[in-house]
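Morning, everyone. Please look at the sequence and the model on the screen, and I'll walk you through them.

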Amino acid sequence: MGKAVDRIYHAAIYVRLSKEDGDVASAVKAESNSISNQKNLIKDFLKNKDDIIVVSEYVDDGYSGSDFERPGFRMMMEDIKRGKVDCVAVKDLSRFGREYIDSGKYIERLFPALGVRFIAVNDHIDSKEENSRDDIVVPFKNLMNDAYCRDISIKIRSHLEVKRKNGEYTGAFTPYGYKKDENDRNRLVPDLYAAGVVKNIFRMKMNGMSQAAIAERLNGKGILSPMEYKHSLGIRIQDNFKTHEQAGWSSMSVRRILENEVYVGTLVQGRHSTPNHKIKKIVDKPKEEWIRIEDNHEPVISKRDFSIVQRLLGMDTRTSPNEDEVYVLSGLAVCAGCGAAMIKRNVPAGGKVYSYYICSKNAATKECGTHRIPKEKLESLVFEVLKAHIANVLDTGRILEYIDTVPFQELEIKELERQKEAKEQEIQRCQELRDMLYEDLKDGIVSKEDYAELYEGYNSRRKKAEEAVRKIRHAIQDVMEAKADKYEWLRYFKEYQNIRGLSRMAAVELIDKVRVFDKNHVEIDFNFQDCFQSALRRIQSAGCTVCAGENGRVTIQEREVV
């Protein structure tokens, strides 16, 4: 006959298993912590307790013990407050929680105040028993569990940091346009379909379309937005920006793609973090602490095109109402007087409408001159000068191909060797002067103050000469290797050698700025001008003469003036 009891307790069995527990190296420990084994152990312990009836079970599978924001635990606390449960049984204190302060708050303060009996089987803790109620082992074990949680957090953070520095992708979800390599889950590879959409987005932007117009076109073609595309692949992810039943493309989602360096093969990770394992609020890390690995994976967009798009995003290239594309020279044409952007204005006269580029500052405040020029005339002038510049660049390219032959390489190397020898003599001279200066100091010819000043001057000159020698050696190496990519910039001009009209794509790829003085005077700064001038110097150093071409071709110069 069973022993008489004073009170019957209605017990809740609480079990928890975190992701970290599932990854424990020891198979024995992983099995002992499994949900089913926790339940069986607790039930075996309680079946001989005549004063306890199990009324419910609560499970938190895949939740960390570092906090108490767990669905199963919250449901149990609600049942305790409703009086349904007055006893909590767990396998051990670590299954209850690994956070020292909150674990102690529940076990030592809240549960006793609510009249809840607490049992931790493997730790031999039963709050009903007099010898375990004030046992110092309870807070001590909670502290050890907290330390364990902190140690695991540090190890995981350190492990992820190492993987990021090695260029391994650590995110749960890949950026739109990429997927995880089937053979290496930490490596990004292009998703052919989505990568094609990304390329089209960049192409549309370079052709003059606004982000809103691009989003509208994508939605019109029925192309799924990044979020909906992931859902179509069976990837479930919550999106804070999703407000409709099906999220479509927006100007913001298009801009996020246009600004993402991942598409040029650059992996940027570690931009956000949490202060520690107890605080779950995500904070932004300083940019200098981000982990940025260039040329980490296969690019979808060329670095040149990405650079052009970033420049376009920084321009004021708003479109007029009912128009999807900006004007050909929008953001490129500027007022020569104040530097403000030139904007297009339509002027009706005599039953016709005439289009002009005018100074935006003048249009807004009248603080600058009009600097007005007819749209057709400006675009025609720019086109003619651009054609002439392309021809000059291609002529230069042909000369460069010729002087890259062995005889000219030998001449260039000899010139570089001469420059290197002169710098080496300068280094030797600075060393000798520095040694003589010390003798003058000992003989009392110069004071300590003069010695310090002169010594620093000689030292500075020597360091600059040494740096020059290093650069010349690299230049010699480049000539000897005849690097194929050193004239990569010429490719952009070759693509437009048969240009028939001024397009937005040609303008943004080849022109840096168009300065408008008046209707008869504009100046054009071309892209790659430093490369062009360097090529001219190389031609001249090789003994060639730069002169005007045939058929009235514009003379090669740094800036074209019409």
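**Confidence first**

In this chain, confidence is lowest in strand E18 (residues 560-561), with a mean of 37, and highest in strand E3 (residues 87-90), at 94. That score is pLDDT, the predictor's confidence in each residue, from 0 to 100. Strands (E, at least two residues) and helices (H or I, at least four) are DSSP runs, numbered from the N terminus.

This is a predicted model, where local features need pLDDT of at least 70, side-chain atom pairs count only at pLDDT 80 or more, and totals for chains, interfaces and linings use all residues. Residues are numbered from 1 along each chain as its sequence is written, and side-chain values use heavy atoms, leaving out hydrogens and water.

The chain's mean pLDDT is 80, and 78% of its residues reach 70 or more. Two stretches stay under 50. Over residues 22-31, the model has five contacts beyond four places in sequence. Over residues 548-562, it has 38. Contact means heavy atoms within 4.5 Å.

**The sheet**

Now, what is the strand order of the open five-stranded sheet? The order is E2-E1-E3-E4-E5, with mixed pairing. Two strands pair if DSSP finds at least two bridges between them. Strand E2 (52-61) and strand E5 (125-126) stand at the edges with a single partner each, so one side of each has no neighbour in the sheet. Helix H3 (residues 35-46) packs on this sheet, touching E1, E2, E3 and strand E4 (117-120). The direction of H3 makes about 155 degrees with that of E1. Angles run from 0 to 180 degrees between N-to-C directions, with axes fitted to C-alpha atoms, for helices over the stretch in contact.

Strand E1 (residues 9-17) runs parallel to E3, joined by three bridges. Ala11 stands opposite Cys87 in E3.

**The cores**

A nonpolar core is a set of buried Ala, Val, Leu, Ile, Met, Phe, Trp, Tyr and Cys residues joined through side-chain atoms within 4.5 Å. Buried means under 20% relative accessible area, exposed over 50%, and partly exposed in between (1.4 Å probe, protein chains only).

The largest core has 78 residues, and Tyr263 is among those with the most contacts inside it. Helix H15 (residues 375-403) gives the most to this core: nine residues. A second, separate core of 20 residues includes Phe68 and Ile80.

Lys366 has a positive phi of about 65 degrees, though it is not a glycine. So does Phe528, at about 65 degrees. Buried or exposed? Lys366 is exposed, at 63%, while Phe528 is buried, at 16%.
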